[in-house]
Amino acid sequence: MGTLPPSTRNLAKRLRIPREKTGFAFCFTDVGDLLPLPGGRGEFIFYSEDDYVVDESRQVIHGPRETVAEQLA
Amino acid sequence: MIGGTDVLIPTQAGVAALDACVRAIQSEWPQVVFEDALTGACFEAHECVSMQEPSEVLAYRDQNAAQAWDERGAADELRNTMIHVLTAPGQMTLVVDDPTSPSMRRIVALLKRELRADALNVPAQRQEDD
């Protein structure tokens, strides 16, 4: 499973979301229960059909995108 | 929420499929601007043959659309002005806003026709006897 890191070039365009929605990042540990999007974007976009609860033990880092990108680098 | 509709097209044509796709988009959008999604480099239609699989291309209707997408990302006013093309072994994905719009339908139909023609040009392989 390989999602796109916050530093990804063209992130908003590749996710097809407003750029302002990439201003904040929330990273968590994968447990393999998310579904890949059908097609090529399934290489980096995963989803849940229901509300998705992330237990505190899986939460890694969150904050402004640039800050998270720096800390992950 | 993640936007766009993913149109999946099975193909074994590899980079040739990307070339066909680029030509199909250009026939609909003569002022199209192509960008390598991974590097941010813009390129001319004929240059896509040097790309490797897997690859991702962003095709904007024109320079204004390219600039607007760069500044705002996905926005209602920009619907159907950018196509995200992803190639991988065995398939091509076109991410569009509205696959039922006339221009998107024409592009997908032309691409499928081109890929079918390419498939017919592949020489038959002789089956070896055991």
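Which pattern does chain A follow when read along the sequence? Chain A runs α-β-β-β-β-α, where helices (H or I, at least four residues) and strands (E, at least two) are DSSP runs numbered from the N terminus. This is a predicted model, in which local features need pLDDT of at least 70, side-chain atom pairs count only at pLDDT 80 or more, and totals for chains, interfaces and linings use all residues. Residues are numbered from 1 along each chain as its sequence is written, while chains are lettered from A and ligands numbered from 1 in the order in which they are written.

**Chain A**
- Chain A has 2 helices and 4 strands.
- Its radius of gyration, taken over C-alpha atoms, is 13 Å, close to the 11 Å from the globule rule (2.2 Å times the number of residues to the power 0.38) for 73 residues, so chain A is as compact as a globular protein of that length.

**Where the chains meet**
- The contact (C-beta atoms, placed from the backbone, within 7 Å) takes 19 residues from chain B and 16 residues from chain A.
- On the chain B side, β1 (5-10), α2 (63-72), β5 (82-88) and β6 (91-96) each give two or more residues, and β5(B) gives the most, with 3 residues.

**Core in chain B**
- The largest nonpolar core has 28 residues; such a core is a set of buried Ala, Val, Leu, Ile, Met, Phe, Trp, Tyr and Cys residues joined through C-beta atoms within 7 Å, buried meaning 20 or more other C-beta atoms within 10 Å of a residue's own.
- α1(B) gives the most to this core, with 7 residues.
- Beyond its neighbours within four places in sequence, B:Ile25 is in contact with B:Val32, B:Ala59, B:Ile83 and B:Ile107.

Definitions and conventions:
Contact = placed C-beta atoms within 7 Å. Buried ≥ 20, exposed ≤ 12 C-beta atoms within 10 Å, placed from the backbone.
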